[in-house]
Amino acid sequence: LKTAARPSRIVSAGFAGGFSPTLSRNAWVTADTVLLAGNEAIDQSFRAVPLAGIADVVSCTMVSSAELVIGAGGSGTASGADKAQRYLELLQPVAVDMESAVLAQVAQEYGIPIMIFRMITDTPAEPLPDFLAPLTGAVIAQGARIRAALAFKGLSAAIRDTRGIARLVKEGSSWPKLLRRGWSQNAAVIREIGLNEIVRKS
C-alpha cells in the first residue's frame with residue numbers, strides 16, 4: 001500500500017468456522033468487530049463495516065487465530081481449550097478465521113474501510129477432520145523441525161482417517177461454487193455499502 005495504488009475498501013472474503021452453535025454450515029457472516037487472538041488473550045480489536053441489509057447474512061464477532069479451535073482438532077489441546085473458553089465470553093455469535101484481523105489491522109493503519117463477508121464451513125457439531133489442525137500448524141509454524149513434525153503428524157492422521165478425507169473432498173469441492181454464488185448475488189450491495197462508507201468518512 002505504500003507504493004501501489006491505494007484501494008478504496010478492503011473485503012475480507014472466504015471461509016470461516018462457526019464457533020457458536022447458532023451458526024450453521026454454509027451460512028454467511030459479517031462483522032463489525034474483528035479480534036486478534038494471541039496465545040494468552042485477545043490482543044487487539046478492530047472495527048469493520050457490517051454488511052447490513054443483505055438477506056440471510058448473520059452479524060457476528062469475528063476472531064482471527066493461528067490455531068484451529070473448532071471441534072476436537074483445536075479444543076482438544078490445552079491452548080485451544082483456553083481460547084474456546086475465552087470465545088464463550090465474547091458477544092455472540094462468534095466466527096473464527098485466520099486472516100481478517102491482519103487485514104483489519106492494515107485497513108486501520110491506512111484508514112481504509114474493511115468489510116467481512118465469509119461462509120461458514122465447519123461448526124462444533126460438524127467440525128473439520130482432526131488431521132487438519134497439525135497440517136494448518138505446519139503452514140504457519142516457525143522453524144523447519146516444527147513444520148516437519150506437524151506435517152508428519154497431520155499426514156499420519158490423515159492416512160488413518162479415510163472417511164475424513166472422503167468427507168473433506170466431497171464437501172470441500174462445493175465450497176468454491178458456493179463462494180462464487182454468494183459473491184455474484186451480493187457484490188452490488190457490498191460495493192454500495194463500501195461506497196457509502198467512503199462518502200461518510202470523507
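Student: Which residues does Ser 12 touch, not counting those up to four places away in sequence?
Tutor: Ser 12 touches Asp 97, Ser 100, Leu 103, Ile 114, Met 115, Ile 116, Phe 117 and Arg 118, where contact means heavy atoms within 4.5 Å. Keep in mind that this is a predicted model, where local features need pLDDT of at least 70, side-chain atom pairs count only at pLDDT 80 or more, and totals for chains, interfaces and linings use all residues. Residues are numbered from 1 along each chain as its sequence is written, and side-chain values use heavy atoms, with hydrogens and water left out.

Student: Is Ser 12 buried or exposed?
Tutor: Buried, with a relative accessible area of 0%; buried means under 20%, exposed over 50%, partly exposed in between (1.4 Å probe, protein chains only). Ser 12 sits in strand β1, residues 10–18 (strands are DSSP runs of E, at least two residues; helices are H or I, at least four; both numbered from the N terminus).

Student: Switching topic: which residues touch the most other members in the largest nonpolar core?
Tutor: Val 29, Val 34, Met 62, Ala 95, Ile 114, Ile 116 and Ile 120, out of 20 residues. Such a core is a set of buried Ala, Val, Leu, Ile, Met, Phe, Trp, Tyr and Cys residues joined through side-chain atoms within 4.5 Å.

Student: And which element gives the largest share of this core?
Tutor: That's α3, with four residues.

Student: What about Val 139, buried or exposed?
Tutor: Exposed, at 67% relative accessible area. Val 139 belongs to helix α4, residues 132–140.
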